[in-house]
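Dear colleague,

I am handing over the structure below, together with notes on what was found in it. Please read the notes with the model open beside them.

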Amino acid sequence: MVGSRDVISLRDLADADIESIVRRGVDLAADPEAHDAPLRGRIVGVYFSKTSTRTRTSFTVGALRLGAQVITYGPGDLQLNTGETLEDTARVLGGMLDGLVVRTAGPQREMRTLAEHCPAVVNAMSAEEHPTQALADLTTMSARFGGLKGLRVLYVGEGNNTAVALAYALSRFPRVELEFRTPRGYGLTPDVLAEASALAARSGGGVRESHDMLSLPAQVDVVYTTRWQTTGTSKPDPRWREVFAPFQVDVSLMSRYPDACFMHDLPAHRGEEVTAEVLDGPSSIAFEQARNKLHSAMAVLEWCLAR
Ligand code: CP
């Protein structure tokens, strides 16, 4: 479709694009009716070959709220299962749909193949990156703190696809300090870290990673964690839990930062990456964050599809 845009990796988006999607998400969080159904007459495909509660629901509801009609495909629905190629699938879907929101088990390049033939492809999580999660997270942070300038974020846990997307997104905003504390062997790749650090340096901030939970920043505004077993992945080392144990977010960690919010992309495993006391406690905004996936999904769909 002429004029449509993809969200496959946040690396593809300009600073201004990320800023505008986040700003629009904040506006829609304040007033979810603040639109004139700009996707009226559009058909959006929602194809999830992996489990999802939040992302699939938020994009489906978001598209419907914006006036689109939605066709959904689960893991067993497309002829991909019987051997049709992704390229042929893309050519067929691209001839009928106005947009496609996708979560696959495969690498991000599958979404690029889809985008060669389909308009407005949205990456609803790939192995490498979870860009719409970061956009929703920045929406929550921005709404909570009145903007993102100078925000200090401590991310504790695996350097997974959510971590990658947060690094690419937060590094675009002025003077943001993003500190990763990841278990050794489960951190960000050097490439991601180098690129995000360079972006942050340009913005007057920093992106840093350490594997030492005894060396923590003095002040932060947000403590963020994510489940230890990222959806659809497993860890070959049978003793991985021992490596992750010091990275649990508990009351003792949160008490170092009495004014900080706690965030989690969910789903959570209470007692693993976070204690129930923290997730369900007064500093947690994890469920506000989950609600904002809808507002952010609407902002993404508008950006990709609205004329
Ligand atoms: N955070 C997230 O992507 O949740 P779902 O897997 O439920 O979509």
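This is a predicted model: local features need pLDDT of at least 70, side-chain atom pairs count only at pLDDT 80 or more; totals for chains, interfaces and linings use all residues.

Residues are numbered from 1 along each chain as its sequence is written, and side-chain values use heavy atoms, with hydrogens and water left out.

Five strands, paired in parallel, form an open sheet in the order β7-β6-β5-β8-β9; strands (E, at least two residues) and helices (H or I, at least four) are DSSP runs numbered from the N terminus, and two strands pair if DSSP finds at least two bridges between them. At the edges lie β7 (206–210) and β9 (261–264), each of which pairs on one side only. From one strand to the next, the twist averages 20°. Strand β6 (residues 177–181) is joined to β7 by five bridges, and G206 in β7 is the bridge partner of E177.

Helix α6 (residues 161–170) packs on the sheet, where it touches β5 (152–156), β6 and β8 (222–225), contact meaning heavy atoms within 4.5 Å. The direction of α6 makes about 160° with that of β6; axes are lines fitted to C-alpha atoms, for helices over the stretch in contact, and angles run from 0 to 180 degrees between N-to-C directions.

Helix α5 (residues 131–145) packs against α6 at an angle of about 55°, with the axes 8 Å apart.

Best regards
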